[in-house]
Amino acid sequence: MSTALLPTTLVGSYAQPDWLINREMLSKRMPPRVRASELWRVAPEWLEQAQDDATLLAIREQERAGLDILTDGEMRRESYSNRFATALEGLDLDNPGTILSRSGRSVSVPRIVSKIRRKHPVQVRDMEFLRANTSRQTKITVPGPFTMTQQAVNTYYKDEESLALDYAAAVNEEIEDLFSAGADVVQIDEPYLQAYPEKARRYATAAITRALQGIRGTTAVHTCFGYAALVNGRPAGYSFLTELTDTPVNQVSIETGQCALDCSILQGLRGKTIILGVLDLSTHEIETADVVATRIRRALPFVNPERLVVAPDCGLKYLPRNVAFEKMRALVEGAALVRAELQSKTAPATFSTQAR
């Protein structure tokens with residue numbers, strides 16, 4: 001991992017170009033859980049080449065903004081989860097089921113008709129392409145087993161716990177291959193921990209632990225309240241967070257920018273590095289470096305700065321590309337302000353770094 005103080009990164013996604021995907025159509029629907037080929041503007045025979053080109057643009061824009069740890073921007077994905085989730089064995093994708101999303105909307109999801117297994121690597125080429133095109137550290141994301149369990153209709157397993165563990169086994173195999181392909185960080189996306197906290201307390205930690213079984217490499221879990229462009233409002237705090245202390249994950253990615261989270265809760269994540277979300281993605285207004293710095297400082301009384309990574313609240317997928325870039329640059333500039341304060345030892349007294 002980066003040895004720099006307050007390294008910067010994306011949560012995962014970056015804004016896809018308008019020539020690649022129909023952003024108007026994308027913005028008017030919930031993230032797809034089954035495949036949504038109608039979103040792509042490029043013909044199937046040219047799509048992979050176009051996605052490669054878009055990935056190169058995303059890499060270069062992250063480099064130009066000054067990020068320390070780069071993602072592929074998830075340029076090849078219709079949503080954060082469906083590229084991986086629909087590539088597994090055990091699904092009837094031709095006859096999908098229907099569930100209510102976390103925001104109460106009806107959405108089509110995979111129907112599970114037999115045992116969930118990973119048939120082949122899904123995102124390894126994505127990771128190899130990223131690794132081949134930057135010298136900076138890299139991160140790639142996979143959907144989490146708990147979240148995928150909530151985004152499917154189960155007609156095969158006796159209970160959700162058993163389903164989640166098989167999803168976890170598939171994620172585990174993918175993570176192993178992603179590290180072999182050159183990833184410095186692999187992140188599991190688990191937004192549904194917040195939507196169903198009681199279920200999460202029953203079996204999410206076991207599923208995440210199974211997903212990370214035997215993994216050597218820096219791992220993260222991202223949990224949030226949903227894309228701000230699609231999910232209105234934010235609760236006052238997390239309903240499932242400190243429970244992640246009981247998993248072997250190295251980093252926990254959270255949002256604090258929009259919800260102005262009481263960062264004292266971070267004291268309950270002892271031993272974990274915090275990926276601190278400090279960009280409000282509910283607005284196209286560009287934060288200043290000072291605003292970003294203020295949001296970073298809120299966490300410093302509760303987390304040693306050596307255990308902080310600075311990021312947006314969530315993925316930048318739904319922002320206009322120019323807005324996404326400027327917010328990313330503000331992120332880097334705000335982190336630099338706080339880094340300079342800490343290194344010069346002239347930071348305010350609230351920057352206590354006592355053992356905690």
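**Buried residues, strands and cavities in a predicted model**

E190 touches G144, P145, F146, T147, I208, V221, H222 and T223, leaving out residues up to four places away in sequence. The model is a predicted one. E190 sits in the loop between β6 and α7, the latter spanning residues 192-195. Its relative accessible area is 0%. The cut-off for a buried residue is under 20%, so E190 counts as buried.

A183 lies in another loop, the one between α6 (160-180) and β6. A183 is buried because its relative accessibility is 8%, and the cut-off is under 20%. Its contacts, not counting residues up to four places away in sequence, are M127, T138, I140 and L178. A183 and T209 are 26 residues apart along the chain. Their C-alpha atoms are separated by 20 Å.

The strands come next. Strand β4 covers residues 137-143. Six of its seven residues are buried, so the strand is mostly covered. β4 pairs with β1 (residues 69-70) in the parallel sense, over two bridges. In this pairing, I69 stands opposite Q137 of β4. β4 also pairs with β6, which runs over residues 185-189. That pairing is parallel too and has five bridges. Within it, T141 has Q187 of β6 as its bridge partner.

A further set of strands forms an open sheet. It holds three strands in the order β2-β3-β5, and the pairing is mixed. β2 (88-100) and β5 (153-154) stand at the edges. Each has a single partner strand, so one side of each is left without a neighbour in the sheet. β2 pairs with β3 (residues 106-118) in the antiparallel sense, over eight bridges. D92 has R111 of β3 as its bridge partner. In a regular strand, side chains alternate between the two faces of the sheet.

Nonpolar residues gather in cores. The largest nonpolar core has 108 residues. Those with the most contacts inside this core are Y14, Y167, I175, L244, I254 and L266. Helix α10 (residues 321-344) gives the most to the core, contributing ten residues. A second core is separate and has six residues, among them V11, A220, I275 and V309.

I254 belongs to the largest core. Setting aside its neighbours within four places in sequence, I254 is in contact with T223, Y238, L241, L261 and L266, among others. The list also includes I274, I275, L276, G277 and D313.

Rolling a probe the size of a water molecule over the atoms shows where empty space is left. The structure holds four cavities of 30 Å³ or more. The largest cavity contains about 220 Å³ of space. Its lining is made up of 23 residues. Of these, Y80, P191, C224, Y227 and C314 lie nearest the centre of the cavity. The lining divides into eleven nonpolar, eight polar and four charged residues.

Notes: Residues numbered from 1 in each chain as written. Predicted model: local features only at pLDDT ≥ 70, side-chain atom pairs only at ≥ 80, totals over all residues. Heavy atoms only, no water. Buried < 20%, exposed > 50% of the residue type's maximum accessible area, 1.4 Å probe, protein only. Helix = DSSP H or I, 4+ residues; strand = E, 2+ residues; numbered from the N terminus. Pairing = 2+ DSSP bridges. Core = buried A, V, L, I, M, F, W, Y, C linked by side-chain atoms within 4.5 Å. Contact = heavy atoms within 4.5 Å. 1 Å grid on protein atoms, 1.4 Å probe; cavity = no way out; pocket = protein on both sides within 12 Å on 5 of 7 lines; lining within 4 Å. Points joined across faces, edges and corners; volume = space filled by probe spheres on them. Nonpolar A, V, L, I, M, F, W, Y, C, P; charged D, E, K, R; others polar.
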